[in-house]
Amino acid sequence: MDDLSDRLTTALRSLISGQEFSEIPDIAVYDDVRDQWNKGYCEELQNAIRDGNFGPHHTEIVDYPKNDIAVRPLTRFSAPDRLIYDAIVFEISSALDISRNPSVYSYRWNHRAHKPIFWKTSWTRMRREAKAALLSNWNFKVASLDVSSFYEHIDIGLLSDDLSMIVQNEISVKRVTKFLKKFQTINHAWGLPQGSDASGILANAYLAPVDEFLRRNGFLFFRYSDDIMILDEGWNTLRDVIIEVNRIFRSKRLSMSAHKTGILEFPEVIQDFLSAQKASIDQAVQHGDPEAERDVRSFFDQVIDTDRVGATDLKFALNKLRAVGDDYAVGWCLENLRYVAYASREIFAYFAECGYRQSTIHRGLEDFMQSQESISYPYIEQRILRYFVHLGIESEKMKSSAWHIMEDRNREEFPREFAVRYLGGVASASEAQLLRHKFESEASLAMRRALLISLYESGKLSERYLRDIWYSLPELRWTCNYLAGNPKIPTS
């Protein structure tokens with residue numbers, strides 16, 4: 001895929017299709033970008049890349065919950081910055097994937113379709129093949145390795161050298177390096193921006209020396225990003241391997257995660273792969289077994305009856321409760337939402353299926369938003385607002401919360417944008433006038449776009465005012481053109 005327009009179009013398709021699974025979805029699913037793509041938007045991005053006039057110009061670092069305490073920094077670019085970043089990485093992705101060791105499954109490139117392979121496909125394949133390898137020799141032990149904050153500690157200078165060794169196109173490597181260096185210069189962030197498949201493709205190349213060491217020494221191994229499994233019968237052999245791999249990590253400015261690294265005996269590892277209870281529940285749900293609901297409830301009770309709830313098992317339980325239409329976990333989810341924010345996607349998908357409990361769910365979410373604690377959980381605030389927007393729920397309590405969030409400029413932008421989107425759907429005439437005032441006094445381009453969309457959805461955006469914005473704020477002209485077509489704005 002040599003054409004810049006094609007790469008940008010692939011980036012757009014990946015961005016839009018990924019909204020359903022995105023931790024930080026766009027308020028309009030980038031429908032304005034899609035609508036204006038062939039009307040000059042794509043051409044403008046092409047010119048920016050060719051002229052070297054590209055960002056990132058606007059970046060928000062979002063603390064995404066990993067568990068009840070820890071977070072990881074997700075990078076939220078503006079739409080043009082994200083599309084350009086993905087496109088310039090996609091230009092070298094084919095060369096990077098060709099050099100990838102077959103034992104590396106993370107962030108694959110589909111050479112025939114010229115696009116990234118969805119992560120779950122590769123993850124599932126790795127799990128299947130690793131299980132088969134384990135079952136082929138019950139004497140195997142497994143060295144499990146992990147890097148502390150892998151993406152954050154990737155050295156861009158070293159990565160640039162790695163890319164230059166693999167990719168023949170010097171101009172393409174310089175574009176990627178320029179973008180990444182600017183990303184580090186203007187933000188409280190370092191390493192690779194997290195949240196994009198493009199970063200995953202680059203990260204694969206960074207650990208290539210580890211792959212080569214393991215290959216040259218004949219080890220059977222499986223790697224997904226920085227999670228590595230090495231199989232061998234000898235405990236001492238695996239210990240020596242861990243020490244050598246750690247030396248390679250240090251040469252790449254990385255640190256091995258002590259609490260996630262160890263040598264496991266065969267029974268410990270295979271139990272995770274074979275999980276008979278989950279496999280049985282999965283089959284029962286798929287075949288409509290009348291006992292499935294009881295089994296799912298029992299599994300859910302086991303999951304929550306621990307000091308620290310396991311993320312994978314909780315997500316599995318919620319997905320199965322949703323599949324059988326059982327509202328058993330609604331109360332627990334509402335009470336514990338702040339502690340299991342990492343499972344928000346599964347929780348809100350589950351809530352959406354529990355139709356006859358909607359009044360209970362709505363009251364619980366309203367109470368959370370009006371509590372003093374909500375400000376500490378912007379990710380949950382965003383999910384709740386998105387939920388109310390998607391279902392078109394009008395609530396005076398939620399409206400009050402949305403106004404409070406929108407007017408607090410010390411908060412992160414991503415919940416403020418969804419607060420504005422919600423207000424547009426429930427605003428009175430006087431409230432729409434106030435939204436217009438907020439639009440005119442707002443400095444952030446992302447918030448101005450959200451307020452413009454909100455004014456449109458309030459039904460109080462006149463053609464004259466839209467035209468005035470088009471002339472006065474050229475950075476919003478694509479959204480203005482989109483709204484002039486009287487669209488129905490989607491939510492993911």
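Mentor: Strand E6 (residues 220-224) is largely enclosed by the rest of the structure, because 4 of its 5 residues are buried, where buried means under 20% relative accessible area, exposed means over 50%, and partly exposed lies in between, with a 1.4 Å probe and protein chains only. Strands such as this one, of at least two residues (E), and helices, of at least four (H or I), are DSSP runs numbered from the N terminus. The model is predicted, so local features need pLDDT of at least 70 and side-chain atom pairs count only at pLDDT 80 or more, while totals for chains, interfaces and linings use all residues. Residues are numbered from 1 along each chain as its sequence is written, and side-chain values use heavy atoms, with hydrogens and water left out.

The partner of E6 is strand E7 (residues 227-232), and the two pair in the antiparallel sense over 5 bridges; two strands are said to pair if DSSP finds at least two bridges between them. E6 and E7 form a hairpin with 2 residues between them, and Ser225 in that turn has a positive phi of about 55°.

Ser149, a residue other than glycine, has a phi near 45° and is found in the loop between strand E5 (141-145) and helix H6 (156-166), where Ser149 is partly exposed at a relative accessible area of 36%. Arg253, also a residue other than glycine, has a phi near 65° and lies in the loop between helix H10 (235-251) and strand E8 (262-264). A further backbone feature is the cis peptide bond that joins Gly55 and Pro56, with omega about 10°; Pro56 is found in the loop between helix H3 (41-51) and strand E1 (59-65).

Among the side chains, Gln358 in helix H17 (residues 358-370) counts as buried at 14% relative accessibility. The side chain of Gln358 makes a polar contact of 2.6 Å with the side chain of Tyr387, a polar contact being a pair of N or O atoms within 3.5 Å of which, within protein, one must be able to donate a hydrogen and the other to accept it, residues adjacent in sequence counting only if both atoms are side-chain atoms. Leaving aside neighbours within four places in sequence, Gln358 is in contact with Phe351, Ala352, Tyr387 and Leu391.

As for cysteines, the count of disulfides comes to 0, a disulfide being a pair of cysteine sulfur atoms within 2.5 Å. Cys333 is in no disulfide, and the nearest cysteine sulfur, that of Cys354, is 8.6 Å away. Cys333 is buried, with a relative accessible area of 0%, and Cys42 is buried with a value of 5%.

Definitions and conventions: Contact = heavy atoms within 4.5 Å.
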